[in-house]
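Dear colleague,

Please read them alongside the coordinates.

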Amino acid sequence: MTGSDRFAVDAVVLDVDGVLVDVADSYRRAVVESLERVYGETVEKTAIQAFKDAGGFNDDWELTYALALYLLARREGLDRDVDAFTDVVAASGGGLSGAEAVVADLLGPAARERARAAWDPDRLRDVFQQLYLGADLYRDLEGGEPDELPDHEGFINDEPTLVTEATITDLTERFDVGVVTGRPAAEADIALSRVGLSLADEFVFTMDSPEPGKPEPDALVELARRFDSEATVFVGDTLDDVRTVVNAREADSRTYYGAGVLTGGLTGEAGREKYHETGADVVLDTVNDLPDVVEPR
């Protein structure tokens, strides 16, 4: 980066997954293995990214439901590969509702009903949580007894940190810092503790917050308001994170910058290009490059 690439901001807002911690072997593994356990077949991890790129899949439970519906639709004769299917999902507004609409449109009535009859989001979520949390945390957070994996340690323990202590110190000393994540609050707390980022609850927006999830801009705009920030940078690892920034600019008169990192599902030059096409102001190899491109306003 050159000096001209620096952004003057009051606040830094961070996503968690793919930015602060690596979730390739936790959340994304839970998606793949939940499908396998419930339906006896699964998808490649590249399919997860195709759905993420389509938009509206900030919630990994809903992502799992949509992938399951796609697999069930394929059993009933759907002849679209993942890329073709997710292109239509994106054109239909993205997210789980988009996937449902596409399946309803592409399958005949009888096939559609068979696919939906076999579709079990509640079971998928339960298996997902058992895989991700492990037996002990599942009991603590879900309040039940794991029936699928009673002795499982949990993929949550396989989340290497991506952010360094030096980066956390630099950002928190120079800027107001907040978080917008699709994680449930309890799981966000675990990740933030792991990376050593201690924030007041009012500056952390999660799945459990009343504001709608990304790419809706409400949480990001509300954080800017709470910080009284005239210029805010949001760092994420998906195209929906960038779309959140684009939507915030349309919803609010303050200044918002979008930074994409290449430590999540988007990597290499192809990932860099997708970020820029979606509206990112800067693409970083990792969040640890952020201190070099931001300065206090």
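The crossing of α2 and α3 is right-handed, a crossing being right-handed if the near helix is turned clockwise from the far one by less than a right angle, and left-handed if anticlockwise. Helices here are DSSP runs of H or I with at least four residues, numbered from the N terminus. The model is predicted, so that local features need pLDDT of at least 70 and side-chain atom pairs count only at pLDDT 80 or more, while totals for chains, interfaces and linings use all residues. Residues are numbered from 1 along each chain as its sequence is written, and side-chain values use heavy atoms, with hydrogens and water left out.

The axes of α2 (residues 45–54) and α3 (residues 60–75) come within 11 Å and cross at roughly 110°, where axes are lines fitted to C-alpha atoms over the stretch in contact and angles run from 0 to 180 degrees between N-to-C directions. That makes α2 roughly perpendicular to α3, a term for angles of 65 to 115 degrees, with under 35 counted as roughly parallel, over 145 as roughly antiparallel and the rest as oblique. In contact (heavy atoms within 4.5 Å), A47, I48, F51 and K52 of α2 meet D60, L63, A66, L67 and Y70 of α3. By class, this contact has 7 nonpolar, no polar and 2 charged residues; Ala, Val, Leu, Ile, Met, Phe, Trp, Tyr, Cys and Pro count as nonpolar, Asp, Glu, Lys and Arg as charged, and the others, Gly among them, as polar.

Helix α3 also packs against α7 (residues 121–142), their axes coming within 10 Å and crossing at roughly 125°, which makes α3 oblique to α7. The crossing of α3 and α7 is right-handed, and the contact joins D60, W61, T64, Y65 and A68 of α3 to P121, L124, R125, F128 and Q129 of α7.

The largest cavity has about 210 Å³ of space, a volume being the space filled by probe spheres set on the points, which are joined across faces, edges and corners. Of its 21 lining residues, D17, Y27, K52, N58 and D60 are closest to the centre, and the lining divides into 6 nonpolar, 5 polar and 10 charged residues.

Best regards

Notes. Helix = DSSP H or I, 4+ residues; strand = E, 2+ residues; numbered from the N terminus. 1 Å grid on protein atoms, 1.4 Å probe; cavity = no way out; pocket = protein on both sides within 12 Å on 5 of 7 lines; lining within 4 Å.
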